Amino acid sequence: MQQQRQQTARCSASSARRFLKKNVGIALAVTATAAVLGSATSASAGTGHLYRGSAVTDVRTAATFDYAAREIPENITVNPDGSVTLSMLGSCAVCQRTHAPELMRISASGRRTVLVTGQVGEAITGNVRSDDGTVYYSVWAPGNAARNGVYTLGRDGTPRRIAALPAGAGPNGLAIDPAGRTLYIADSFKATIWSVPVSGGSVTPWLTDAALAPVPTEALPIGANGLRFHNGALWVSNFNKGTLLRVPVTGTGAAGPIRLVASGLPNIDDLSFLTPWSDVVFAAQNGSSSQNGPDRIVVIYPNGTYKAFLTSADGLASPSATAVRGNRLYITDGGVAEPHDAKLQTGRINVAALLADAAH
């Protein structure tokens, strides 16, 4: 989520205001060109059109949130028992909100449990679960190096910071490798993906590239945003540039050459995959966060084309994230646009239809 310089406190505060202005309604625009992407290779731009077929059916609201009380869902993880873990953005000192962020679990029956309450003025952004059940989450604490970074929950539920990030960094999306050894953090300000062992320690700039950078002339300069480890690569969205990128992880663990998967998706936020073996992507476009794009959920095919199948006409008011488990799609909606309907939605995926569509 969401000019990112650290030289002065003034610059840090300015970045904080921009970043948390985005968080009023979501989670953490301008279409990129190959020249802006730097080392990224070219790909055919996506051509969006409404998909009114059977991509996802039986869409319903699984939970509602009180936007007025700053219950603003951002990132989502679906757990094996059918519960979900949500990052709730809460409040910030620089955008006239006074509610602390939360990490919340909602059971399959709808019962809510607050796992962590953060501090006023910061945001809980990405969250991820390892195969052994350990929960990790990102805290963006503007200008506060003592709080900024990645946290985990102990067996007794006590949060512990395992990796510090510079005060000027903007941790957003969070991903874990299949072996459960390494965490990756998308930095929305510093054009960087950081890595750190799951046991904690010093973060390493795993990849720094112009393709991950925000657009400094945007009112809301946010670069690298959503992040997922999938099929031997890290997939990352760039919010301002409207791009989806794939970065292979080499045998030595280093970053391979960046590939542009899709473009033309301003305010693209978090993403997920149809199946563990398919490169069909569900992505949220959070246009209301900066009035710079549509509010919709799109399905992106491996050839870079995409189709929108849920839009503001379907009641979306700033979707921020998607997650898939089995044949169910989960969507978080921050509610920044009228009628401020912050919610968690779920629908049934027509996996066969989407795989067949992707094959053509």
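Modeller: In this predicted model, contact means heavy atoms within 4.5 Å.

Biologist: On that basis, with which residues is I76 in contact beyond its neighbours within four places in sequence?

Modeller: By the 4.5 Å limit, I76 is in contact with V84, T85, L86, N127, R228, A321, T322, A323, Y330, T332 and L344.

Biologist: Which residues of the largest nonpolar core touch the most other members?

Modeller: They are F65, I76, V84, L86, I106, Y330 and L344, in a core of 19 residues. Two or more residues each come from β2 (73-78), β3 (84-88), β4 (102-106) and β22 (319-325), and β3 gives the most, with three. Apart from this core lies another, of 18 residues, including A175, I193, W206 and V247.

Biologist: What makes the pair E71 and R112 a salt bridge?

Modeller: The limit for such a pair is 4 Å between nitrogen and carboxyl oxygen. The closest N and O atoms of E71 and R112 are 3.5 Å apart, so the pair falls within 4 Å and counts as a salt bridge. E71 lies in the loop between β1 (56-64) and β2, and R112 in strand β5 (residues 112-117), so the pair ties together parts that are 41 residues apart in sequence.

Biologist: Why is E71 called buried, and why is R112 called partly exposed?

Modeller: Buried requires under 20% relative accessible area, and exposed over 50%. E71 has 18%, so E71 is buried; R112 has 36%, which lies in between, and R112 is therefore partly exposed.

Biologist: What makes K307 and D357 a salt bridge, and which parts does the pair tie together?

Modeller: Their N to O distance is 2.8 Å, and this is within the 4 Å limit, so the pair qualifies. K307 lies in strand β21 (residues 306-311) and D357 in helix α2 (residues 351-358), so the pair ties together parts that are 50 residues apart in sequence. At 16%, K307 is under 20% and therefore buried, whereas D357, at 22%, is partly exposed.

Biologist: How do you know whether K343 is buried or exposed?

Modeller: K343 has 2% relative accessibility, under the 20% limit, and therefore counts as buried. Its side chain meets that of D341 in a salt bridge (3.4 Å, N to O), and D341 is partly exposed, at 30%. Salt bridges that share partners join D333, D341 and K343 into one network.

Biologist: Which residues lie nearest the centre of the largest pocket?

Modeller: V128, R129, I176, R228 and F229 do, among 36 lining residues. The volume of this pocket is about 1000 Å³, and its lining divides into 18 nonpolar, 11 polar and seven charged residues.

How values were computed
Residues are numbered from 1 along each chain as its sequence is written. This is a predicted model: local features need pLDDT of at least 70, side-chain atom pairs count only at pLDDT 80 or more; totals for chains, interfaces and linings use all residues. Side-chain values use heavy atoms; hydrogens and water are left out. A nonpolar core is a set of buried Ala, Val, Leu, Ile, Met, Phe, Trp, Tyr and Cys residues joined through side-chain atoms within 4.5 Å. Buried means under 20% relative accessible area, exposed over 50%, partly exposed in between (1.4 Å probe, protein chains only). Helices (H or I, at least four residues) and strands (E, at least two) are DSSP runs, numbered from the N terminus. On a 1 Å grid over the protein atoms alone, a cavity is a set of points where a 1.4 Å probe fits but cannot get out, and a pocket is an open set with protein on both sides within 12 Å along at least five of seven lines; lining residues have an atom within 4 Å of a point. Grid points are joined across faces, edges and corners, and a volume is the space filled by probe spheres set on the points. Ala, Val, Leu, Ile, Met, Phe, Trp, Tyr, Cys and Pro count as nonpolar, Asp, Glu, Lys and Arg as charged, and the others, Gly among them, as polar.
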